[in-house]
Every structure is written in C-alpha cells, then in structure tokens.
Amino acid sequence: MATILVAYASKGGATAEIAEWIGEGLRRAGAATEVRRADDVASLEGFDAVVVGGPLYMGKVLRPVPAFFSRHRAELASRPVALFVSGGSLGKNDPEAEQKARAAAEAVSGDVPIAALGLFGGRVSSRNVPLIGRFLRNAMPEEDTRNRTAIEGWADALPTRLGL
Ligand SMILES: Cc1cc2nc3c(=O)[nH]c(=O)nc-3n(C[C@H](O)[C@H](O)[C@H](O)COP(=O)(O)O)c2cc1C
C-alpha cells in the first residue's frame, strides 16, 4: 500500500479543510495518508508521493508552500507530486483567474514536475479577512466557492495520476 503525504498551508482554515477532504478521498482509494501543515514537515522519508497545496493571497500561494518546495526540492524531484491551489477567484469557471492561479502554481513548483494540478474555490470569511477588509465589505464579500464533490473527485483520481 502506498503512503501519501498531504501537506498544506492555511491562514483561515479553509484550505486545511480541503486538505482533509483530499486525505479522506485518498484513504478511501486505499492509500495510507497523512495530512499535515507544510511547516510541520521535516522530511519526506517514508512517503511514496506528496500532495501539497495552499491558498492564494494577493495573487501568490501562501508562503509555507513555496518554503516547503525550497526545503524539500531534491526529495520532491524524486517522487510523484500533485499540487493544489485554492482561491476566492477559483471555482467560478473564470479562465483568466485560472490562468493566474496556474502561473502562481508554476512560480512555486519551479522545475519539480507536477503530475496533477488542482484549482479549487476558497472561502472568504471573517476568519481570514483582515479588519480593514471587513470595513471594505464590498471589496471582499464573504463567500465559500469550495466544491467538496469536485475536490473529492480530484482526490479519487490521484493515485492513478501519481502512478501509484
Ligand atoms: C487579504 C486576502 C487576499 C486574497 N487574495 C486572493 C487572490 O489573490 N486570489 C484569489 O483567488 N483569492 C484570494 N483570496 C481568497 C483566499 O484565497 C481564500 O479566502 C482562501 O480560501 C483562504 O484560505 P485559508 O482559509 O486556508 O487561508 C484572498 C483573501 C484575502 C483575505
């Protein structure tokens, strides 16, 4: 049985939930799966494949994800890797937003080959909007564009796409 790590970054908890949903999907598919904060991962030893993901803030993937890629570049290059990015602009069938998210993902993964890239909606809420954003309510309306079914469908297909 393959052992998979799901490493994530999250400020307001929405991406942490996405990571848990992916973990549940992978376990259902028969893979032993550990879901951990990217910052808490010291080594990739013992993992056959890695799924890593984080939310977009100001057009960039949240810092612990690029830091994870920098820290583990060599270990990542020798394993199948999937990457997911979540964002308030995603999950709305907006090709321009998806293109920007793809560019942000590529900026993070660099030369590490990505076997599967997931682009998922996010949740804007009082948990992650800074105080100033709450005053500018129209600029940042609260909404949840995460689609658990789509995320689980992506997770179901992952073992095959990761070649496990
Ligand atoms: C200050 C701020 C900036 C954001 N910037 C972006 C962005 O550039 N693109 C995007 O798609 N979503 C953006 N979002 C939405 C977040 O990606 C979304 O809320 C995400 O689900 C948060 O994940 P988290 O709860 O795991 O931190 C932003 C949200 C906030 C509060």
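The protein chain has 6 helices and 8 strands. Helices here are DSSP runs of H or I with at least four residues, strands are E runs of at least two, and both are numbered from the N terminus. The order from the N terminus on is β-α-β-β-β-α-α-β-α-β-β-α-β-α. The radius of gyration is 15 Å, close to the 15 Å that the globule rule gives for 164 residues, so the protein chain is as compact as a globular protein of that length. That radius is taken over C-alpha atoms, and the rule is 2.2 Å times the number of residues to the power 0.38.

A word on the model. It is predicted: local features need pLDDT of at least 70, side-chain atom pairs count only at pLDDT 80 or more, and totals for chains, interfaces and linings use all residues. Residues are numbered from 1 along each chain as its sequence is written.

Back to the fold. The C-alpha trace spans about 50 × 30 × 30 Å along its principal axes. Of the contacts with a separation of 6 or more, 79% join residues 24 or more positions apart. Contact means C-beta atoms, placed from the backbone, within 7 Å.

Now the inside. Of the 164 residues, 37% count as buried. Buried means 20 or more other C-beta atoms within 10 Å of the residue's own, again placed from the backbone. The largest nonpolar core has 42 residues, and Val 50, Val 52 and Val 85 have the most contacts inside it. Such a core is a set of buried Ala, Val, Leu, Ile, Met, Phe, Trp, Tyr and Cys residues joined through C-beta atoms within 7 Å. Among the elements that give it two or more residues are strand S1 (3-8), helix H4 (95-109) and helix H6 (148-161).

Take Val 50. Beyond its neighbours within four places in sequence, Val 50 is in contact with residues including Leu 5, Ala 7 and Val 81.

Next, Ile 4, in strand S1. Buried or exposed? Ile 4 counts as buried, because it has 28 C-beta neighbours inside 10 Å. Setting aside neighbours within four places in sequence, its contacts include Leu 26, Phe 47 and Val 51.

Last, the ligand. Of the 24 residues around it, Gly 12, Ala 14, Thr 15, Gly 87 and Gly 122 come nearest. A residue is near if its C-beta atom, placed from the backbone, lies within 6 Å. Helix H1 (14-28), strand S3 (49-57), strand S5 (81-87) and strand S7 (123-124) each give two or more residues to this shell.

Terms used: A residue is buried if 20 or more other C-beta atoms lie within 10 Å of its own, exposed if 12 or fewer, and partly exposed in between; C-beta atoms are placed from the backbone. Two residues are in contact if their C-beta atoms, placed from the backbone, lie within 7 Å.
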